Amino acid sequence: MKDSILQAPAAHAIDFGFIQGAWRRIEAFRSSETDPVEPPTVSELEEALGEPVQNCDLLAKNWRNRIYRIELAHGRLVLGKQLVMGTDAMLQCQYDQLRVLGALHVPGLGVPNTFALLPAKRLLLTEFVPGKTIEILAWTSEDVVPACELAGKTLARLQLARTETIGPIPVEMISRDLAMAPWRLSLHEKEILQATLERLAAAEVRIGHVYYDYKPANLIYQNNELLFLIDPPDVWWRGVHLWDYACFRSSMRRHLWRISLRRPYDRHRRTTIRQGLVAFEQGYLTSFANRHPEPPLFALAVQLFELQRNAVFMTMKKGKINMARQVNRIRLPLLEMEKRWLFWRLARELTR
């Protein structure tokens with residue numbers, strides 16, 4: 001049974017085309033606009049959970065999801081995640097992702113237990129995990145440093161468990177995917193991108209299923225020894241494992257930038273986040289006997305995937321604007337600035 005759980009999603013995974021996958025998700029969101037869902041009722045929750053429900057409170061919401069805190073009669077807490085914008089397949093995928101991750105038994109990685117699905121309400125019911133996310137720790141606590149170190153070690157263990165093959169970076173597929181980005185590149189940026197792809201063509205990397213959204217906001221640090229992965233992806237993704245490494249790094253870097261803007265005199269907090277980034281890298285790299293790619297190309301490869309992730313964000317933001325969703329339009333110019341910064345970093349790395 002375990003083998004069937006682990007192997008079943010492979011046929012449905014999106015390979016390497018993260019920007020193309022973002023366009024597909026936008027189309028799926030558009031289709032779900034004509035299929036609205038109502039909040040769950042207490043009787044529906046009780047039937048699904050098989051226990052009396054004492055309270056059901058709306059904990060958070062955005063344009064895509066509603067999050068509920070459900071208290072059962074004997075005090076146990078359940079988390080309900082409802083896809084306001086999404087499909088039944090996305091809901092099923094999130095449920096399956098948690099089951100697959102739990103079946104891997106990765107040391108240091110906690111996965112919330114899944115209790116039930118309510119397809120009619122596009123609702124996933126899981127264990128309520130207490131604790132603070134690494135995102136919150138980045139702004140408030142010194143614990144962000146050991147939490148980042150554990151995040152690096154845990155990610156390495158997860159990737160070792162999910163490695164399908166070690167082979168060359170599929171630069172042609174990545175190049176085709178980047179061509180789908182909703183941006184305009186200058187001649188100089190095109191030259192930098194081409195030189196980067198050529199330099200990385202011979203680099204060997206770990207390939208397999210990626211978590212896709214391995215970022216501080218989705219990692220709850222608990223008891224100094226366990227990380228819980230929350231908010232599972234709603235699509236199966238397959239690609240270079242460095243994508244998840246780049247995802248965490250770029251997310252932490254953005255927090256560093258935000259703190260620099262909002263709290264310009266908080267030098268200690270900026271230093272702490274930088275220490276966290278170093279701890280994450282050390283925790284990750286020291287967990288591998290053999291590093292892929294090798295050190296001379298490691299930083300260049302990570303920055304390429306950060307650039308691809310930047311393009312995914314641009315795609316999603318522009319897609320939401322086209323759907324007339326209320327979004328922060330200031331973020332598009334900020335993403336453009338980040339894109340230029342990443343090209344500058346790639347150019348510097350190419351000269352080394």
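**View 1. Pro168 faces Glu204 across a pair of strands.** In this predicted model, Pro168 stands opposite Glu204 in strand S10. Strand S9 (163-168) and strand S10 (residues 204-210) run antiparallel and are joined by five bridges. Helices (H or I, at least four residues) and strands (E, at least two) are DSSP runs, numbered from the N terminus. The two strands belong to an open sheet of four, in the order S1-S13-S10-S9, with mixed pairing. Strand S1 (14-15) and S9 are its edges, each pairing on one side only. Two strands pair if DSSP finds at least two bridges between them. Helix H2 (residues 18-32) lies across S1, S10 and strand S13 (237-240), at about 160 degrees to S13. Such angles run from 0 to 180 degrees between N-to-C directions, with axes fitted to C-alpha atoms, for helices over the stretch in contact.

A note for all views: residues are numbered from 1 along each chain as its sequence is written. Local features of this predicted model need pLDDT of at least 70, side-chain atom pairs count only at pLDDT 80 or more, totals for chains, interfaces and linings use all residues, and side-chain values use heavy atoms, with hydrogens and water left out.

View 2. Val53 stands opposite Leu72 in S3. Seven bridges link S2 with strand S3 (residues 65-72), and these two run antiparallel. The open sheet has the order S2-S3-S4-S7-S6, and its pairing is antiparallel. From one strand to the next, the twist averages 20 degrees. Helix H3 (residues 42-49) lies across S2, S3, strand S4 (77-83), S6 and strand S7 (123-127), running at about 105 degrees to S2. Helix H4 (residues 88-104) also packs on the sheet, touching S4, S6 and S7, and its direction makes about 170 degrees with that of S6. Contact means heavy atoms within 4.5 Å.

View 3. Helix H9 (242-262), helix H10 (267-285), helix H11 (295-322) and helix H12 (331-350) each supply at least two lining residues. H11 gives the largest share, six residues. The lining divides into ten nonpolar, one polar and eight charged residues.

**View 4. Two backbone details sit in loops.** The peptide bond from His292 to Pro293 is cis, with omega near 0 degrees, and Pro293 lies in the loop between H10 and H11. Tyr212 has a positive phi of about 85 degrees although it is not a glycine; this residue is in the loop between S10 and strand S11 (219-222).

View 5. The mean pLDDT, the predictor's confidence in each residue from 0 to 100, is 91 for the chain. Helix H1 (residues 2-7) has the lowest mean among the elements (36), and helix H8 (residues 187-200) the highest (98).

Note on methods: Nonpolar A, V, L, I, M, F, W, Y, C, P; charged D, E, K, R; others polar.
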